[in-house]
Amino acid sequence: VSTRAQTAYGVRADVPFDFIVGDKTIPAGHITAHGVTADMAGPLSIRNRDQGELALRVGRRVLGTDDSDQCKLVFHKYGNHYYLAQIWISGRQAWEVMKSKEERSLEREMRSVKNFKLATVTLAARIE
């Protein structure tokens, strides 16, 4: 595998809560996240740098965000569960993390609740 196919751009952030990527729980801590290729869709790598936990998940670029002015991680919150939803890279692009079956199921359940409003949590990040 050639390292030239990998992008050098990503973000890092201190995440104060455990969160879910696909079917894997990533513990709170120093997190790095980046797209593995520069394609419009493809694998994303999310790692807890302290504990070495790694999750790979398919993502796709969010169109119209080529010149994002900030680095951030965006999470969807359902009760006390957090799911990584987006990765924004300053001056580069934003990636949407594909939802897992579990998150889609939770989302359907919550929509049946009257006055449900999806909670999002945004954390500032730095370029990696």
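Visitor: Which residues have the most contacts inside the largest nonpolar core, and how many residues does that core have?

Guide: In this predicted model, the largest nonpolar core has 23 residues, and those with the most contacts inside it are V15, F19, I46, L73, F75, L84 and I87. The elements that give two or more residues to this core are β1 (10-15), β2 (19-21), β4 (29-35), β5 (41-48), β7 (72-78), β8 (81-89) and β9 (93-97). From β8 comes the largest share of the core, four residues.

Visitor: What does L84 touch, once residues up to four places away in sequence are not counted?

Guide: With those neighbours set aside, L84 touches F19, I20, V21, I46, L73, V74, F75 and V97. Of these, F19, I46, L73 and F75 are also listed, as is L84, among the residues with the most contacts inside the core.

Visitor: What pattern does the protein chain follow when it is read along the sequence?

Guide: The protein chain has one helix and eleven strands, and their order along the sequence is β-β-β-β-β-β-β-β-β-α-β-β. For the chain as a whole, 41% of the 128 residues count as buried, while the accessible surface comes to about 7,500 Å², with 48% of that surface belonging to carbon and sulfur atoms. Where contacts join residues at least 6 apart in sequence, 53% of them join residues at least 24 apart.

Visitor: How many bridges join β6 to β9?

Guide: Three bridges join β6 to β9, and the two strands run antiparallel. Within β9, the residue that stands opposite G59 is V97, and V97 is also one of the residues that L84 touches.

Visitor: How should I read a salt bridge, and what is the count here?

Guide: As a general idea, side chains of opposite charge can pair when their charged atoms come close. With a side-chain nitrogen of Lys or Arg required to lie within 4 Å of a carboxyl oxygen of Asp or Glu, the count comes to four salt bridges.

Visitor: Where in the chain do E53 and K24 sit?

Guide: E53 forms a salt bridge with K24, and the closest N and O atoms are 3.3 Å apart. This pair links distant parts of the chain, since E53 lies in the loop between β5 and β6 and K24 in strand β3 (residues 24-26), 29 residues apart. E53 is partly exposed, with a relative accessible area of 27%, and K24 also counts as partly exposed, at 30% relative accessibility.

Visitor: How many residues apart are E96 and R60?

Guide: The side chains of E96 and R60 meet in a salt bridge with an N to O distance of 3.1 Å, and the pair links distant parts of the chain, with E96 in strand β9 and R60 in strand β6, 36 residues apart. The relative accessible area is 27% for E96, which is partly exposed, and 38% for R60, which is partly exposed as well.

Visitor: Is E107 buried or exposed?

Guide: E107 counts as buried, at 11% relative accessibility, because the cut-off for buried is under 20% relative accessible area. The side chain of E107 meets that of K99 in a salt bridge (2.8 Å, N to O), and K99 is partly exposed, with a relative accessible area of 24%. K99 and E107 are linked with R111 in a network of salt bridges.

Visitor: What does the side chain of N48 reach at 2.8 Å?

Guide: N48 is found in strand β5 and counts as buried, at 0% relative accessibility. The side chain of N48 reaches the backbone oxygen of P27 at 2.8 Å, and a polar atom of the N48 side chain also lies 2.8 Å from the backbone nitrogen of Q51. Leaving aside neighbours within four places in sequence, N48 is in contact with I26, P27, A28, G29, H30, I31 and E53. E53, in that list, is the residue that forms a salt bridge with K24.

How values were computed: Residues are numbered from 1 along each chain as its sequence is written. This is a predicted model: local features need pLDDT of at least 70, side-chain atom pairs count only at pLDDT 80 or more; totals for chains, interfaces and linings use all residues. Side-chain values use heavy atoms; hydrogens and water are left out. A nonpolar core is a set of buried Ala, Val, Leu, Ile, Met, Phe, Trp, Tyr and Cys residues joined through side-chain atoms within 4.5 Å. Buried means under 20% relative accessible area, exposed over 50%, partly exposed in between (1.4 Å probe, protein chains only). Contact means heavy atoms within 4.5 Å. Accessible areas come from the Shrake-Rupley method with a 1.4 Å probe; for residues, only the protein chains shown count as cover. Two strands pair if DSSP finds at least two bridges between them. A polar contact is a pair of N or O atoms within 3.5 Å; within protein, one must be able to donate a hydrogen and the other to accept it, and residues adjacent in sequence count only if both atoms are side-chain atoms.
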